[in-house]
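Have the sequence and the model open side by side.

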Amino acid sequence: MRPYNFSAGPAVMPDEVLSQAASEMLDWHGSGMGVMEMSHRGKEFGTIYAQAQADLRELLAVPAHFKLLFMQGGGLAENAIVPLNLSRGETADFVVTGSWSQKSCVEAARYCTAHEAASTKASGHTALAAPATWQLSAKPAYVHICSNETINGVEYHSLPDLKALGCDAPLVVDFSSHVASRPVDWSRVGVAFGGAQKNLGPAGLTLVVVREDLLDRALPICPSAFNYRTVADNESMYNTPPTYSIYIAGLVFQWLKAQGGIAAVEARNIAKANLLYEAIDSSFLYVNRVAKDCRSRMNVPFYLRDESLNDAFLNGARDRGLLQLKGHKSVGGMRASIYNAMPLDGVQALVAYMKDFETQRG
Ligand SMILES: *Cc1c(COP(=O)(O)O)cnc(C)c1O
C-alpha cells in the first residue's frame, strides 16, 4: 500500500489512474505509440482530447455557452491572462481573501487599474468578507475572487451573486484548488480557471472555462497563444497543448464518473472534512483558526499549540505513512490537503495519528 499524500499540489492522484497510465505508457490502445509520442493533430490524440472535453463538461455540468479551454501557464499565468483578455485596460475589482487573490490583484495592476474591493488581511484571512460589504467600483471590467484559498484554508460555499449587488460585470473565479470537488453555479460565472495539479491531474494543464460573450475583449498586446478567442477557435490547439497532462486529466475525469460524479464526490469530501475538523476542534493540542462557515473542504491548515512539537509531529507522521503535512512557509504550522483523490481511509489514518500523538504528549 502507498503512503497517504497530503500535498497541496502537485497532489495525490487516484491509484487507478496511475496504474492505467502505466499500462498504456508504451502503447496506447494498440496504436503502437505512447501518448507523449503522438501528434496533437493526429486522430488518436483527437479522440483523447474530445473525450476529456466531453467528460469534463458533463461532470461539471458546464452549459453550452461556455468554452472549455485547455491552456498552459497555471493559475499564476492566468493572473495576467485574465486582465489581458477582459480588463480592456480599465478597472477590475479584487476581493482579497488570502495569498492567491492577493497575488492576482498585484499582477493585474500591470495591465489595468486593480481595485481592492474588500480585504480580509487585517483578520489574517480567517474569514470571508460578506459580499454586501464589498466596495465595488462604479463599472468594473470584471470582479475577481479566489473561491478556495489553498494556503489560508478559506472557501466560498456559494458563489457571490454580483447581479444582486447591482453589478453586471462578469465574475472571475480562481477555482484551482477545489475544481471538481463540488458543483459550480455557472449562472454566476464569467470565467473560471484553475491549474490542474491540485484536483484534476498533472501540472502543465490549466483549465479555463469562459463564457462565449467574453471571448472578444482582449487587449492588442495579449499574446496570441493566450488570447481566449484564438485558443477557443483552435480547440486549444493554436499551439501544442500539454498533451500528456490532458490525457491523464481525462483518466481522472473517467475516474470521477466511476465514483458517481461530482455530487457523490462532494458528499465524500464533506465527510472527510468534517472528520478532520472535528478531530482538530475537539483536541487541546491542535487548532484551526478559520471561521467555521468558510472552512475549506480541500485544504485544512492547523497549528500545534506547542509549536516546539512541529518537527516531532511531522517525523512521526512520515513514519506512519502520512506525507507532506508541513504548512505553507508563509503561514507555518501544518496543512492537510484532502483533495478528491484522498480516500476517507487516509483522513481516518491522519486523525488516528493526531490523537495518538496528542495522547503521548498529554
Ligand atoms: C496553486 C494555485 C495557484 C497557482 O498555480 P500555478 O500553477 O503554480 O501557477 C493559483 N491559485 C490557487 C488558488 C492555487 O491553489
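## A lysine and its surroundings

The side chain of Lys272 gets to the backbone oxygen of Met342 at 2.8 Å, a polar contact (a pair of N or O atoms within 3.5 Å; within protein, one must be able to donate a hydrogen and the other to accept it, and residues adjacent in sequence count only if both atoms are side-chain atoms). Keep in mind that this is a predicted model: local features need pLDDT of at least 70, side-chain atom pairs count only at pLDDT 80 or more, and totals for chains, interfaces and linings use all residues. Residues are numbered from 1 along each chain as its sequence is written, and side-chain values use heavy atoms, with hydrogens and water left out.

Lys272 sits in helix α7 (residues 261–281); helices are DSSP runs of H or I, at least four residues, and strands are runs of E, at least two, numbered from the N terminus. Lys272 is buried, meaning under 20% relative accessible area (1.4 Å probe, protein chains only).

| Residue | Atom on the residue | Distance from a ligand oxygen |
|---|---|---|
| Gly75 | polar backbone atom | 3.1 Å |
| Leu76 | polar backbone atom | 2.8 Å |
| Lys198 | side-chain N or O atom | 2.6 Å |

Note on methods: Buried < 20%, exposed > 50% of the residue type's maximum accessible area, 1.4 Å probe, protein only. Lys, Arg positive; Asp, Glu negative; His and termini not counted. Salt bridge = Lys/Arg side-chain N within 4 Å of Asp/Glu carboxyl O.
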